[in-house]
Every structure is written in C-alpha cells, then in structure tokens.
Amino acid sequence: MELEFYGAAGQVTGSCHILTVAGRRVLLDCGLIQGSRQDEARNAEPFPFAVREVEAVVLSHAHIDHSGRLPLLVKRGFDGPIHAQNATAALAAILLDDAADLERSTVRRENRRLEEQGKRLVEPLFEKVDVNATLKQMRGHRYDESFEVVPGVRACFRDAGHIMGSAVVELELTEGEAPKTLVFSGDLGQYDTPILKDPVTPAHADLVVMESTYGDRNHRDREASLVEFGEVLQAAREEKGNVLIPAFAVGRSQEILYHLGQNYDAWGVGNWHVFLDSPLAIEASEVYWDFKHLADEEATALFRSDLTMPRLENLHLTRTPEESRVIERLEGGAIVIAGSGMCNGGRILHHLKANLHRRETRVVFTGYQPRGTFGRRLIDGDKRVRIHGEEIQVRASIHTIGGFSAHGDQADLLRWYDGFDSQPPVYLVHGDIDVSDVLRRQFVDRGVTAHLALPERRIDLAAL
Ligand code: ZN
C-alpha cells in the first residue's frame, strides 16, 4: 500500500498522485503543468509509470491543473474509468474541450515559428478525439456516496467548496489486515463563500494529503471588497463609463454575477447592461444553474427570487464574435465580464483596446495577476500598452479588489484540518515550497506531523 507524489509536489500546478493498493494502481488527478514555456514543456514528457498499468483515475475537480492531462493519458493507452463528481464531469467536458482548442492554436503558432527557423515541428499534446474518448470514460458520482474504484479501494466525494463539483476525496484502502483511510483534499474553498457550500472534513483519516496554495496568508475581508466593488460601479455610473471585469470562466464569473444579483438594488445594477462575454463562461454558468441543488442556502434563495443569475433582467449572454463586437461600440453603461482572467488573450483584450484610453473606464481585477501577464502590467501602472499591434494610452482607472479567492486561506486550511477526529499526519501539496513551508510550521507548532510532499517521494501507507 503506497502513495507516490508526482505532480503539484513543491509547486502549484500539474496535480497527480499515484496510489498502489494490492498491486493495483490508481491515479488521483492528472493535471496540466501551467506556467513558463519551460515548465509547460514537461507536460509532453513520458509519465513516470506504465500508463496501461493504471486501472482507474479519481478526479477531485474540473480545473485544468487537475484534469488537463487526462486526454494525454487516454491518448497514451489508458482505457479505465475516470471517477468524478457529476458537476465535475459536466465542467470537465467544457474545460477539456477548450483546452484542446487552445492547444491546437498554440501549436499552430509555435509551428509557424519553427517552420521559419527550419526546425522540427511539434505535435499537440492531445486533440478533440482524445477529449471525446476521455469524456466517454468519465463515471459521475454524487457527493457522500461511496463507490468501488478497484478491489481494495473505495472512494467517497465530499464537498470541497472550491468550484461547483469540487471534492475532497476520502479513500478506504484495504490490503491485508488493517484498512487505512487516506484523505486527499483536492483544492479547498473558503468558508462562507458565495454560491458554494463550506468545505467538508471527513470524520477520520490515517493520512491527509492537503493543498497549501495560500498556506502563508489570510485573505482580505470579503465584505470590504464588496463595498469597494459597489463604489467602483457608482463612480463609473456618474462618469458614464464602462466597467470591464477580466474573469476566469469557471467560478469567478459566476461569483461576480451572483454579487450583481445579490446587490442589484444597492448597487443600481438595473441601470447597466451586463454582458457575460465568454462562450466558455456561459457554458460553465449553465452547469452552475443545472446543478443549483448543490448550492448553499443563500444562493438557493437567490436562485428562487426574480433576480436569479440566469434571469438577471439586464444580463446579455454574448456567444458569437459578432455579438461581442457590438459591445465594443458602447461608450458607457456596460459592465463586461470576459476572459481571460489575466488578460493574456481572449475577448477582454478587444474591450481593453476599445476602452483603456477613456478616463471614465473602470477595469476591475478580482483575481491574482502573476508577473509577466498583461493584467499585471496594468496593475503596475503601465501608461502605454500594445494590444494586437496597436499602441494604446492607458487613461482608465485600474482597480484590484481582493477577497474573492476560490482557495481557502491559512485560517480556512487549518479550520478544515481541525475537523478530523484526531491529528493525522499531513503531506502538503499544491503550493510553492516557501508558502507550503509556512503552513507546515503552523502544523508542527500544533504538534502535528507535517511534511512537504516532494516529487517522487513514496509513502508506505501500511506502516502508518
Ligand atoms: Zn482548483
């Protein structure tokens, strides 16, 4: 009985862990490595296990850094079941399809460059056919219903409160006499977050593998962030400008719509035209609406009221590029939610191009903008930027509103762990090493055995 860390060990992306019980191999997640070109090149490397020996995959949630290499796994010969919560299976269908599109356009661009240099061309990691095959292997499950993964391994999904369908995976492992419980946190959400329920801690664990993305800090207060959001809308309305909100398609876009619905009167949202200008975010929102039985009580009440997210009277879902172009001509009165969240591509760039030169424009960032992204340059105050080859002067006001994170902060992570009936040993994954180490020391101070999960480290689970 053994667990081996492969991806998201000492880093945030590429989540993948390998479980071996009674000679059978199961993967926990199979995510894409995201980051620099060098980092991402590692996605194409051979897996460090025989793909055909893997009998099943258990997927914690749909985000690409947890699911994005599943089509590659299938392309390389994996033909077993992929177990996921039902909403995760629905969201993965959208996100993996989008990932195949993105891969195709990236490779096409890359190959044009390589061809000019007379170098060998590259192949896409996977294509739509691989995504379709992957989706056929998905097996959907409800929360809190235990199922057999392979003989000797039973799993149960508990709500992780991170995005719709996200799960903490509780695994009952049997090999020989003493069964063991392994709990894999997946990504954990914040407590009291909009739409989603609070993360659930299983009753018991012999070992916990836990994320640590924000293990070193606590988030800003969400209430203060909402007040700030309302003030930005007010100011933009007085100056008759547009409000541009770059947002991730899954999670953040729905959360912003939720806040606009929840504060419809207080913020004067009725005076605006609200555009969700992203086919991906529209599809993801439909999954949120389809699975609204998974939402928390407040969101359920809002879904029932007249101003529900799908029927926000002035919400326009713009799917086609033609519809999107119409928005570009509006000089004021539009709230535009569009991707990408970091402004590295996508429709938001067209809106920025049309609006950044206007003083009355407000750009509102609600997600972290890493160094090197276009969003970061705006936040850092660059006054001249290039978009699609055109130089633009930045006169718009740029706002960063924190407090909307899909990940729990240090207090949330410790609170989740404190829900166990004892103090099981912890391995920390899904965090930059220095960040994870801050959380590790917090655990050690509390008398908990805590380690950083290092790549290719093997843990003998029977010895626990
Ligand atoms: Zn995630």
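## Exercises on a predicted model

The residues Gln410, Asp412, Leu413, Leu414, Trp416 and Tyr417 are the buried ones of helix α13. The exercises below concern a predicted model.

**Exercise 1.** Determine how far helix α13 is covered and which elements its buried residues pack against.

*Solution.* Step 1: six of the eight residues in α13 are buried, and the helix is accordingly described as mostly covered. Step 2: the packing partners of these buried residues are strands β9, β10, β11 and β20, together with helix α14.

**Exercise 2.** State the strand order of the open sheet and identify its edge strands.

*Solution.* Step 1: the open sheet has seven strands with mixed pairing, arranged as β7-β8-β9-β10-β11-β20-β21. Step 2: β7 (147-150) and β21 (450-452) pair on one side only, which identifies them as the edges. Step 3: from one strand to the next, the twist averages 25 degrees.

**Exercise 3.** Describe the pairing of β10 with β11, and then the helices that pack on the sheet.

*Solution.* Step 1: three bridges join β10 (residues 180-184) to β11 (residues 207-211) in the parallel sense. Step 2: opposite Phe184 stands Val209 in β11. Step 3: helix α13 (residues 410-417) touches β9 (167-173), β10, β11 and β20 (426-429), and its direction makes about 160 degrees with that of β11. Step 4: helix α14 (residues 433-445) also packs on the sheet, touching β11, β20 and β21, and its direction makes about 170 degrees with that of β21.

**Exercise 4.** Classify the relative orientation of helices α4 and α5, and characterise their contact.

*Solution.* Step 1: helix α4 (residues 86-116) packs with α5 at an angle of about 165 degrees, the axes being 9 Å apart. Step 2: angles over 145 degrees count as roughly antiparallel, and α4 and α5 are therefore roughly antiparallel to each other. Step 3: their crossing is right-handed. Step 4: α4 contributes Ala92, Ala93, Leu96, Asp97, Ala100 and Asp101 to the contact, while α5 contributes Lys128, Val131, Thr134 and Leu135. Step 5: sorted by class, the contact has six nonpolar, one polar and three charged residues.

**Exercise 5.** Locate Val129 and decide whether Val129 is buried or exposed.

*Solution.* Step 1: Val129 lies in helix α5 (residues 128-136). Step 2: the cut-off for exposed is over 50% relative accessible area. Step 3: Val129 counts as exposed because its relative accessibility is 61%. Step 4: between Val129 and Ser324, the separation is 195 residues in sequence and 29 Å in space, C-alpha to C-alpha.

Note on methods
Residues are numbered from 1 along each chain as its sequence is written. This is a predicted model: local features need pLDDT of at least 70, side-chain atom pairs count only at pLDDT 80 or more; totals for chains, interfaces and linings use all residues. Side-chain values use heavy atoms; hydrogens and water are left out. Two strands pair if DSSP finds at least two bridges between them. Helices (H or I, at least four residues) and strands (E, at least two) are DSSP runs, numbered from the N terminus. Axes are lines fitted to C-alpha atoms, for helices over the stretch in contact, and angles run from 0 to 180 degrees between N-to-C directions. Contact means heavy atoms within 4.5 Å. Buried means under 20% relative accessible area, exposed over 50%, partly exposed in between (1.4 Å probe, protein chains only). Angles under 35 degrees count as roughly parallel, over 145 as roughly antiparallel, 65 to 115 as roughly perpendicular and the rest as oblique. A crossing is left-handed if the near helix is turned anticlockwise from the far one by less than a right angle, and right-handed if clockwise. Ala, Val, Leu, Ile, Met, Phe, Trp, Tyr, Cys and Pro count as nonpolar, Asp, Glu, Lys and Arg as charged, and the others, Gly among them, as polar.
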